[in-house]
Amino acid sequence: MILELHSPLDMHLHLRDGDMLKLVAPLSSASFAGAVVMPNLVPPVADAEAVQAYRGRIMDACGGDVFKPYMTAFFRSYTEKELERLRDLVFGIKLYPAGATTNSEGGVKAMKDAEATMAMMQEMGIPLLVHGETHGFVMDREAEFLDIYRNLAEQFPRLTICMEHITTAAAVRLLDEFENLAATVTLQHLLITLDDVAGGMLRPHLFCKPIAKRPEDREALLKAALSGHPRLMFGSDSAPHPVHAKEACGCAAGVFTAPIALPRLAALFEEHDALDRLQGFVSGHACALYGLTPPAKTVRLERREMLVPDAYEGYGQKVVPMEAGCVIPWSLMQSGFTKMT
Ligand code: DOR
Ligand code: ZN
């Protein structure tokens, strides 16, 4: 059995830079026609020059693969002139609360300070992508942020606000309250709960931010994804860290899923008799919502077992994928393209 996906998109991806970029970019461009690339490098990607230069390095790292990086800029207070320039270069602007996650120290300290830039983004039609966590108790951080989303959605009704990597049933409910809210969800948050991370032996390769939550949260996310919620999109949040930074006494947050994402999603959707909903989840919803026309690229999945490698290595880097050493009933066959659009 073969499943064809048309121009699959990863709507939230960390590609890093340097040698790690060279190792991981081809693993995304083998599966996807494009991806929304996060700006949390050191220093962050926060002006037009940095966006253009990073885009160039990504294209180089993808070799000949058809792959469109949808670039983002790191949220800060931008002038109107800066935003006008960025508008032509970026897909959206990513807001991190200061210190909420990896390389977010330069993020927003008070939402009030962000309003002027958001108002201009609304006028210019630049989407706002948000890491929605407070600095509260780790299990409550997303729930506490929902009021901030609610305020933003009311204050900026014409701004498209994407709640990135949602992890709770409450966030799914909020999605239905406001037309201008959208959301991405990761593979790991459709599959695991906190029990998988820390309920038995501690599993560092499943540790990410936001942390996986309760069974009822996972069920609500899965139900929304399988039912084809039109404003819920796949965003892997694949976030590679070198193995020594994960298997350490201070474990870096991030789950590396890029190379298994599509086969594992196919297995999950098949298990729930919802394979017909996968195209929308991995491409259609995002294209409709944002008016995207990704490069034409057909990605074929085959119902043949894939043994997930213990690690991906190259350029002096080593990174461990989610489900390393496990067998997934689907695998990537090949990808081809008809034409760039
Ligand atoms: O787990 C995470 N890792 N969450 C994020 O928000 C950032 C990411 C990273 O860049 O490593
Ligand atoms: Zn992320």
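Student: Which residues are the protein donors of the zinc ion (ligand 2)?

Tutor: Keep in mind that this is a predicted model. The donor atoms lie 2.0 to 2.1 Å from the zinc ion (ligand 2), and the donor residues follow the spacing H-x1-H-x222-D in sequence. Two of them contribute NE2 and one contributes OD, so with the donor cut-off of 2.8 Å the set is His12, His14 and Asp237.

Student: Are histidine 12 and histidine 14 buried or exposed?

Tutor: Both are zinc donors through NE2. Buried here takes a relative accessible area under 20%. Histidine 12 and histidine 14 each come out as buried.

Student: What does UniProt place at Lys94, and how accessible is lysine 94?

Tutor: The unreviewed UniProt entry puts the feature "modified residue: N6-carboxylysine" at Lys94. Lysine 94 sits in strand E5 (residues 92-95). Leaving out residues up to four places away in sequence, lysine 94 touches His12 and Glu164, among others. Lysine 94 counts as buried because its relative accessible area is 1%.

Student: Which residues does UniProt list for "domain: Amidohydrolase-related", and how far apart are the end C-alpha atoms?

Tutor: The record, an unreviewed entry, lists residues 79-241 for that domain. The span is 39% helix and 11% strand. From end to end, its C-alpha atoms lie 33 Å apart.

Student: How does the reach of helix H9 compare with what is expected, and which of its residues are buried?

Tutor: H9 covers residues 215-226, twelve residues in total. From first C-alpha to last it reaches 16 Å, close to the 16 Å expected at 1.5 Å a residue. Just after the helix, glycine 228 takes a positive phi of about 80 degrees. The buried residues of H9 are Asp217, Leu221, Leu222, Ala224, Ala225 and Leu226.

Student: What covers the buried residues of H9?

Tutor: Some of the cover comes from strands, including E8 (181-185) and E9 (232-234). Helices take part too, among them H6 (169-175), H7 (187-191), H11 (261-271) and H12 (278-290).

Student: Where does threonine 186 lie, and how far is it from leucine 221?

Tutor: Threonine 186 is in the loop between E8 and H7, and at 0% relative accessibility it counts as buried. Setting aside residues up to four places away in sequence, threonine 186 touches His165, Phe234, Gly235, Ser236 and Asp237, and Asp237 is one of the zinc donors. Threonine 186 and leucine 221 are 35 residues apart in sequence, yet C-alpha to C-alpha the distance is 9.6 Å.

Student: In the largest nonpolar core, which residues touch the most other members, and which element gives the largest share?

Tutor: That core has 114 residues, and Leu128, Phe269, Leu278 and Phe281 touch the most other members. The largest share, seven residues, comes from H11.

Student: Which residues does leucine 128 touch?

Tutor: Leucine 128 is among the core residues that touch the most other members. Not counting residues up to four places away in sequence, its contacts are Phe75, Ile93, Leu95, Met118, Met121, Leu152, Leu159, Thr160, Ile161 and Cys162.

Key:
Residues are numbered from 1 along each chain as its sequence is written. Chains are lettered from A and ligands numbered from 1 in the order in which they are written. This is a predicted model: local features need pLDDT of at least 70, side-chain atom pairs count only at pLDDT 80 or more; totals for chains, interfaces and linings use all residues. Side-chain values use heavy atoms; hydrogens and water are left out. Donors are N, O and S atoms within 2.8 Å of the metal (3.2 Å for Na, K and Ca); water is not among the atoms, so sites may look incomplete. Buried means under 20% relative accessible area, exposed over 50%, partly exposed in between (1.4 Å probe, protein chains only). UniProt positions are given in the numbering used here, feature names are shortened, and annotations may be inferred rather than shown by experiment. Helices (H or I, at least four residues) and strands (E, at least two) are DSSP runs, numbered from the N terminus. Contact means heavy atoms within 4.5 Å. The expected span of a helix is 1.5 Å times one less than its number of residues. A nonpolar core is a set of buried Ala, Val, Leu, Ile, Met, Phe, Trp, Tyr and Cys residues joined through side-chain atoms within 4.5 Å.
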